[in-house]
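Reader: I would like to learn how to read the features of a structure one at a time. Could you begin with how strands are joined into sheets?

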Amino acid sequence: MKRPPASAPSPLKKSRACKIDPTAKIMDFTNLYECEVAADAFVGPFVEIQRGAKVGARSRISSHSFLCEGVTVGSDCFVGHAVMFTNDKYDVPLPNREYKMRATTVEDFVRIGSNATLLPVKIGRHAIIGAGAVVTKDVPAGAVVAGVPARVLKTRDLSKLP
Ligand SMILES: CC(C)(COP(=O)(O)OP(=O)(O)OC[C@H]1O[C@@H](n2cnc3c(N)ncnc32)[C@H](O)[C@@H]1OP(=O)(O)O)[C@@H](O)C(=O)NCCC(=O)NCCS
């Protein structure tokens, strides 16, 4: 059986009011609304991307990941499977808690290992986040971090990277 192209409309993928480049591949069983997906990006199955979130050109969002409001992923990034982003640090005390949206920025060429959880942080260009990491602080460009909470394992030589 010939499969339809991944960009073809399908009742199995929901996208409402999104700006999706025609060259981007959006797999079935996705839920995207009011977000942006740039050229040649890939969004795997069971991914949810919320209002205002952005995925840059050629970036790959692997299956089961969740990109909430406030998340911007740059170009040429790899987001592994089941990567969870957050946008609220519960820093407003109960019971008068109001939702206070905090942004996360992932710069270009970043790789995020499977099952990582990112608190609202900035991830510098060419950084690598280990599988299962919980990232609680900003990650400098080129840093390789892992663990809970994530700590720097090493730093890549940025002069050799694009
Ligand atoms: C973080 C990572 C990039 C480091 O790789 P590396 O530079 O080759 O590191 P090493 O394997 O040499 O490990 C260095 C140390 O960090 C530890 N470590 C490595 N990855 C870790 C992780 N994800 N969480 C916690 N500790 C980790 C190792 O146990 C080792 O500790 P030790 O020095 O006490 O023995 C890699 O382990 C990783 O997690 N990659 C993500 C893979 C992934 O999810 N891919 C998705 C595609 S399906």
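Author: Strands are DSSP runs of E with at least two residues, helices are runs of H or I with at least four residues, and both are numbered from the N terminus; two strands pair if DSSP finds at least two bridges between them. This is a predicted model, in which local features need pLDDT of at least 70, side-chain atom pairs count only at pLDDT 80 or more, and totals for chains, interfaces and linings use all residues. Residues are numbered from 1 along each chain as its sequence is written. With that in hand, S2 is joined by two bridges to strand S5 (residues 36-37), and the two run parallel; Ile20 has Val37 in S5 as its bridge partner.

Reader: What is the order of the six strands in the open sheet, and which are the edge strands?

Author: The order is S2-S5-S8-S11-S14-S17, with parallel pairing. The edge strands, each pairing on one side only, are strand S2 (19-20) and strand S17 (122-123).

Reader: How many helices and strands does the chain have?

Author: The chain has zero helices and 21 strands. Its radius of gyration, taken over C-alpha atoms, is 16 Å, close to the 15 Å from the globule rule for 162 residues, so the chain is as compact as a globular protein of that length; the rule is 2.2 Å times the number of residues to the power 0.38. Along the principal axes, the C-alpha atoms fill a box of roughly 50 × 45 × 25 Å.

Reader: Which residues of the largest nonpolar core touch the most other members?

Author: In soluble globular proteins, nonpolar side chains tend to be buried together. A residue is buried if 20 or more other C-beta atoms (placed from the backbone) lie within 10 Å of its own, exposed if 12 or fewer, and partly exposed in between; a nonpolar core is a set of buried Ala, Val, Leu, Ile, Met, Phe, Trp, Tyr and Cys residues joined through C-beta atoms within 7 Å. Here the largest core has 36 residues, of which Val37, Val43, Ile49, Ile129 and Val135 touch the most other members. Strand S11 (71-73), strand S18 (128-129) and strand S20 (143-146) are the elements that give two or more residues to this core.

Reader: Which residues are around the ligand?

Author: A residue counts as near a molecule if its C-beta atom lies within 6 Å of it. Among those around the ligand are Ile128, Val144, Ala146 and Gly147.

Reader: Is Pro95 buried or exposed?

Author: Pro95 is exposed, because 4 other C-beta atoms lie within 10 Å. Pro95 sits in the loop between strand S13 (84-85) and strand S14 (104-106), and its C-alpha atom is separated by 24 Å from that of Phe85, 10 residues apart along the chain.
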